[in-house]
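Good morning, and thank you for coming. Please look at the sequence and the structure on the screen while I speak.

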Amino acid sequence: DGVIYSLYRANLARGENLVTRGKVPIVKGITSLTAVDPDPSETDLSYAVVAVDNAGNESGPSNTFFFNP
């Protein structure tokens, strides 16, 4: 089976790591190497992805990406 990812977003200061525990992903079931935020936020500009296995278990989050509009 292929890898499936989920995308998370948060309002963090540059250099902070996004912790996904207890958060709901903004996009689930990503099967490609690209994803689009369906409802971009003006304040939550930090993103991270996790890999999800067939049982629904998530990996640790990727490095946090900070978007500068």
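In general, strands of a sheet pair through backbone hydrogen bonds, either parallel or antiparallel.

Two remarks on the source are needed. This is a predicted model, in which local features need pLDDT of at least 70 and side-chain atom pairs count only at pLDDT 80 or more, while totals for chains, interfaces and linings use all residues. Residues are numbered from 1 along each chain as its sequence is written, and side-chain values use heavy atoms, with hydrogens and water left out.

Let us return to the pairing. In strand 2, Ile30 stands opposite Tyr5, and Val27 is the bridge partner of Leu7. On the whole, 4 strands form an open sheet in the order 2-1-3-4, with antiparallel pairing. The edge strands, each of which pairs on one side only, are strand 2 (27-30) and strand 4 (65-66).

How many bridges join strand 1 to strand 3? There are 7, and these two strands run antiparallel. One of the residues involved is Ala10, whose bridge partner in strand 3 is Ser46. Ser46 also has a bridge partner in strand 4, namely Phe66. Strand 3 and strand 4 pair over 2 bridges, again in the antiparallel sense.

Next, consider burial. A residue is called buried under 20% relative accessible area, exposed over 50%, and partly exposed in between, using a 1.4 Å probe and protein chains only. Strand 1 is mostly covered, with 5 of its 7 residues buried. Strand 3 has 5 of its 7 residues buried, so it is largely enclosed by the rest of the structure.

Is Ser6 buried or exposed? Ser6 lies in strand 1, and it counts as buried because its relative accessibility is 4%. Contact here means heavy atoms within 4.5 Å. Leaving aside neighbours within four places in sequence, Ser6 is in contact with residues including Val27, Ile30, Ala48, Val50 and Glu58. Ser46, in strand 3, counts as buried because its relative accessibility is 1%. With the exclusion of neighbours within four places in sequence, the contacts of Ser46 include Tyr8, Leu18, Thr64 and Phe65.

We come now to the nonpolar core. The term denotes a set of buried Ala, Val, Leu, Ile, Met, Phe, Trp, Tyr and Cys residues joined through side-chain atoms within 4.5 Å. The largest such core has 6 residues: Tyr8, Ala10, Leu18, Ala48, Val50 and Val52. Strand 1 (4-10) and strand 3 (46-52) each supply at least two residues of this core, and the largest share, 3 residues, comes from strand 3. Leaving aside neighbours within four places in sequence, Ala48 is in contact with residues among them Tyr8, Leu18 and Pro61.

Please turn to the loop between strand 2 and strand 3, where Asp44 is found. Asp44 is partly exposed because its relative accessible area is 22%. Which residues does Asp44 touch, not counting those up to four places away in sequence? They are Arg9, Ala10 and Asn11. Asp44 and Asn11 are 33 residues apart along the chain, and their C-alpha atoms are separated by 4.0 Å. The side chain of Asp44 also makes a polar contact with the side chain of Thr43 (3.3 Å). A polar contact is a pair of N or O atoms within 3.5 Å; within protein, one must be able to donate a hydrogen and the other to accept it, and residues adjacent in sequence count only if both atoms are side-chain atoms.

My final topic is the lining of a pocket. On a 1 Å grid over the protein atoms alone, where a 1.4 Å probe is used, a pocket is an open set of points with protein on both sides within 12 Å along at least five of seven lines, and lining residues have an atom within 4 Å of a point. The lining of the largest pocket includes Tyr5, Leu7, Ile30, Tyr47 and Val49. Strand 1 and strand 3 each supply at least two residues of that lining.

Conventions
Two strands pair if DSSP finds at least two bridges between them.
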